[in-house]
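Here is a walk through one protein chain, written for someone who likes to check contacts and angles directly. Please keep the viewer open as you read.

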Amino acid sequence: MKYFKTTLLTLTLISAILPIMFIFPGCAREQNRERPTQLRYGFTSEPRTLDPLSPGNTADGRSILFNVFEGLVKPNPDGTFMPAIAESWTIDPAFLIYTFTLREGVRFHDGSIVTAEDVKFSLDTAIANEFIGLNRINEVLIYGENQIKIILNSPDPYFLPFLTVGIIQAGNTNRERVVIGTGPFFIESYTTQRELVLRRFDYYWQRFLDPPREIPSLEKVTIVFFANFEAMMTSLRGGNIDGANLTGAYVAQLNQRDFYAFHNNSSAVQVLALNNARAPFDDVRVRRAISYGIDVQEIINAAFFGSGSHSGSPVIPGLTEYFESNLGYVHNPQRALEYLAQAGFYGGNQISFEIAAPSNYGMHVDTAQVITNQLNRIGIQATIRLVDWSTWLSDIHRDRNYQATVISIDSRVVSARSFLSRYHSENSSNFINFASEDFDRVYASMLTETDSSVRNQLYREAQKIIAGEAASVFIQDIVHYVVLRRGAFGGVLNYPLYVVDFASIYGIGN
């Protein structure tokens, strides 16, 4: 356990055995009894790290830190980017030099002012930690007191999305304990396997714009962690939490008189991930047979009450400029059997394999159950092994010790390139062990192509290669819902990114 105490200008380590605790003077206000200012929200997984410059976080962890840290720019709900730590920027015609003018007076959560040195330290650290998209930075230079020049070693016209990486204080090498950003909330406390408390940062820079923006409205957000969706649903019905992210199957179990369900996409691709380096999936014919044997619409109907956005691609449909829609394998059991026969599996020689499903994500377990039933119809014996989240992260994602798994793959930034980068043969996040010289060649070309129309064609070609090789079964961008207690809370923004923006949520009365 960890514990911290913050004053306006100092951060002092109190004890290494208690939860992380931050106190910022002036944040606690008398509650308006007619409008809730505190929200209790459920999550089914915890952050793997509180360090925004560590690339190994969970999707839920990044969602939480979205509210605590900001980059030079931050995403808008429409997929564009707004100024954040930087108030403006210019890009040279060759796409080699990006110059940012920093916003004056932006404060860290301990009250100190953000400087160019902080920005340079943050970017240099992210580069050293091999953040996606930053490996082409040649040098980060400070110009005067409030300008940063980022010089690339090759042209990159699509570089801006990667500059949402969180800015921290220069010299902070103890980022798991010293958790200080510039976002609308700061972390007041964190008790593992229990809860994490976000407190409104009253000196957040958007509150001092002209005209000012009352962001965030909520004074406090308590994120409560649950072992699974069933436990979270019990707490939601019982009034112990006020909201959660739920799929259609769970929303249907709630009394609509008690809750609002705001439509939201997960902005992640749900996949039946196939380990391309393990038998039987080292044979593309078997992978294609699996792809033809799975009926995505039946999965959506059975496990998600008909709500889903069929993908067929490793890129989410919401990135419409780059998404290739004509990729999905149309359910065709006969074609599946033909590919199985070509691979030598016919008659009494049948395929059997195991699907590892993370037990804390009921939607993935439900999906795995539908898939096993579908594959059984074409003579494939698939079984399900439930694993806890820590086991999934270590055994499957890190050690790649599995045959197949159902999971959703998200992107750290609003970028089609980020989704596709996972399939490069040398990417450490390529846990399905996909290897294609054609894909690597196209991917390298897309990184330097300055013509946007040609670059978009390369994005689509890369998706076609992945689909043609049946790298995995790309199911859907899961439609989920931000569920909030009716008559108490509103204001939900939907991003092409897996985040919950608590700064957008406000109380509307009891």
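This is a predicted model: local features need pLDDT of at least 70, side-chain atom pairs count only at pLDDT 80 or more; totals for chains, interfaces and linings use all residues.

## The nonpolar core

Let's begin on the inside. The largest nonpolar core contains 160 residues, and those with the most contacts inside it are Ile150, Leu246, Leu272, Ile290, Phe353 and Phe502. Strand E20, spanning residues 472-485, supplies the largest share of this core, with nine residues. As general background, nonpolar side chains in soluble globular proteins tend to be buried together.

Leaving out residues up to four places away in sequence, Ile290 touches Leu272, Phe281, Phe353, Leu375, Ile380 and Val473.

Val482 sits in strand E20 and is buried, with a relative accessible area of 4%. Not counting residues up to four places away in sequence, the contacts of Val482 are Tyr41, Ala244, Asn245, Tyr260, Ala261, Phe262, Asn264 and Val492. For a distance check, the C-alpha atoms of Val482 and Ser309 are 16 Å apart, while 173 residues separate the two along the chain.

One of those partners, Asn264, belongs to strand E15 (residues 259-274). Is Asn264 buried or exposed? Asn264 counts as buried, at 4% relative accessibility. Beyond its neighbours within four places in sequence, Asn264 is in contact with Ile478, Val479, His480, Tyr481, Val482, Val492, Leu493 and Asn494.

## Helices and their packing

Helix H5 (residues 284-293) packs against helix H7 (residues 333-342) at an angle of about 165°, with 8 Å between their axes. The two helices, H5 and H7, are therefore roughly antiparallel to each other, and H5 passes H7 in a left-handed crossing. On the H5 side, the contact is made by Arg285, Arg288, Ala289, Tyr292 and Gly293; on the H7 side, by Pro333, Arg335, Ala336, Tyr339, Leu340 and Gln342.

Helix H9 (residues 389-398) has Trp389, Trp392, Leu393, Ser394 and Ile396 buried. The cover over the buried residues of H9 includes E17, E18 and strand E19 (404-410). Just after H9, Arg400 adopts a positive phi of about 55°.

## Salt bridges

How many salt bridges does a search of the whole structure find? The search finds 19 salt bridges. One of them joins Arg175 and Asp51, whose closest N and O atoms are 2.8 Å apart. This pair links distant parts of the chain, 124 residues apart: Arg175 is in the loop between strand E10 (147-152) and strand E11 (185-191), and Asp51 is in the loop between strand E4 (38-43) and helix H1 (59-65). Arg175 is buried at 13% relative accessible area, and Asp51 counts as buried at 9%.

The salt bridge between Asp124 and Lys120 has an N to O distance of 3.1 Å. Here both residues, Asp124 and Lys120, lie in helix H2 (residues 116-128), four residues apart, or about one turn of the helix. An α-helix has 3.6 residues a turn, so residues three or four places apart point the same way. Asp124 counts as partly exposed at 31% relative accessibility, and Lys120 counts as partly exposed at 27%.

A further salt bridge brings together Arg385 and Glu354 at 2.7 Å, N to O. Arg385 lies in strand E18 (residues 381-387) and Glu354 in strand E17 (residues 352-358), so the pair ties together parts that are 31 residues apart in sequence. There is also a network: salt bridges that share partners join Arg136, Asp156 and Arg417.

Most residues other than glycine have a negative phi, and most peptide bonds are trans. Asp210 and Pro211 are joined by a cis peptide bond with omega about 0°, and Pro211 is in the loop between strand E12 (195-200) and strand E13 (220-225). Another cis bond runs from Ala279 to Pro280, with omega near 5°; Pro280 lies in the loop between E15 and H5.

Glu130 has a positive phi, near 60°, and is located in the loop between H2 and strand E9 (137-143). Glu130 counts as exposed at 66% relative accessibility. Gln193 has a positive phi of about 60° in the loop between E11 and E12, and Gln193 counts as exposed at 71% relative accessibility.

Technical notes: Residues are numbered from 1 along each chain as its sequence is written. Side-chain values use heavy atoms; hydrogens and water are left out. A nonpolar core is a set of buried Ala, Val, Leu, Ile, Met, Phe, Trp, Tyr and Cys residues joined through side-chain atoms within 4.5 Å. Buried means under 20% relative accessible area, exposed over 50%, partly exposed in between (1.4 Å probe, protein chains only). Contact means heavy atoms within 4.5 Å. A salt bridge is a side-chain nitrogen of Lys or Arg within 4 Å of a carboxyl oxygen of Asp or Glu. Axes are lines fitted to C-alpha atoms, for helices over the stretch in contact, and angles run from 0 to 180 degrees between N-to-C directions. Angles under 35 degrees count as roughly parallel, over 145 as roughly antiparallel, 65 to 115 as roughly perpendicular and the rest as oblique. A crossing is left-handed if the near helix is turned anticlockwise from the far one by less than a right angle, and right-handed if clockwise.
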